[in-house]
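Here is a friendly walk through one protein model, from its overall make-up down to a single residue. Please keep the structure open beside the text as you read.

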Amino acid sequence: MTGSDGRIRLVLADDESLTRGAVGALLGLEPDLIVVAEAGTGDEAIASVRRHRPDVAVLDVEMPGRDGAEVAQWVAVNEPATRCIILTRHARPGVLRRALAAGATGFLTKSAPASMLADVIRRVHGGGRYVDPELAMTALMTEECPLTGRELEVLRAVDGAGTAADIARRVHLSPGTVRNYLSSAMQKLGASTRLEAVERARDRGWL
């Protein structure tokens with residue numbers, strides 16, 4: 001809820017402490033905004049939202065543990081009165097789609113001036129939405145996915161520690177077939193590892 005003094009209460013989450021401090025200081029100059037907590041990880045952001053129940057959470061999309069989209073999803077379920085704005089350094093279509101699907105109502109680049117961020121905070125607090133036009137255009141112009149349905153299925157089953165045999169059990173294929181699909185997907189995506197292939201496919205919005 002808005003503070004007793006009428007100011008919009010903010011939680012600011014970014015794993016880069018210098019960036020977080022600079023943004024917090026600039027937003028603090030706005031007479032109608034107040035940063036009530038800062039966080040350096042996704043879990044810290046969730047804890048801060050749970051404790052302070054701010055009007056708006058400003059979330060870096062890339063943070064240790066849960067990322068900004070995952071935090072926004074948690075907030076939408078557990079603290080729906082808090083609106084979420086996602087900040088990103090890169091215009092990646094998959095990130096935009098994930099963030100919006102997770103319930104974020106604002107999305108802009110880290111290169112945006114603090115005055116624009118302040119305006120977006122006011123807009124989403126008032127019930128509106130904002131997506132940076134350049135990011136939206138990039139998302140609309142996503143290139144066609146070169147991966148087959150089976151290749152996508154195998155990539156979705158990849159995790160950090162799993163072997164080809166583990167993936168094979170999940171997708172009901174033989175380990176050799178899984179290796180072939182992984183190799184083909186990696187080649188199409190220009191990736192040197194299966195995890196890099198997953199990241200590239202996700203960034204493009206294909207997973």
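Helices (H or I, at least four residues) and strands (E, at least two) are DSSP runs, numbered from the N terminus. Counted this way, the protein has 10 helices and six strands. This is a predicted model, in which local features need pLDDT of at least 70, side-chain atom pairs count only at pLDDT 80 or more, and totals for chains, interfaces and linings use all residues. Residues are numbered from 1 along each chain as its sequence is written, and side-chain values use heavy atoms, with hydrogens and water left out.

Let's begin with the whole protein. Its C-alpha atoms fill a box of roughly 65 × 35 × 30 Å along the principal axes. Of its 207 residues, 44% count as buried, where buried means under 20% relative accessible area, exposed over 50%, and partly exposed in between (1.4 Å probe, protein chains only). A contact means heavy atoms within 4.5 Å. Of the contacts with a separation of 6 or more, 64% are between residues 24 or more positions apart.

Now to the sheet. The six strands form an open sheet in the order β2-β1-β3-β4-β5-β6, with parallel pairing. β2 and β6 stand at the edges with a single partner strand each, so one side of each has no neighbour in the sheet. Two strands pair if DSSP finds at least two bridges between them; β3 and β4 pair over five bridges. In one of these, valine 56 has arginine 83 in β4 as its bridge partner.

| β2 | residues 33–39 |

Which residues of helix α8 (residues 164–171) are buried? They are Ala164, Ile167, Ala168 and Val171. Seen down the axis of α8, these buried residues fall within an arc of 105 degrees, so they line one face of the helix; the arc is that of the directions from the helix axis to the C-beta atoms. An α-helix has 3.6 residues a turn, so residues three or four places apart point the same way. The buried residues of α8 pack against α7, α9 and α10. After α8 comes histidine 172, with a positive phi near 60 degrees.

Finally, look at aspartate 15, in the loop between β1 and α1. Aspartate 15 is partly exposed, at 36% relative accessibility. Leaving out residues up to four places away in sequence, aspartate 15 touches Arg20, Gly40, Asp60, Glu62, Met63 and Pro64.
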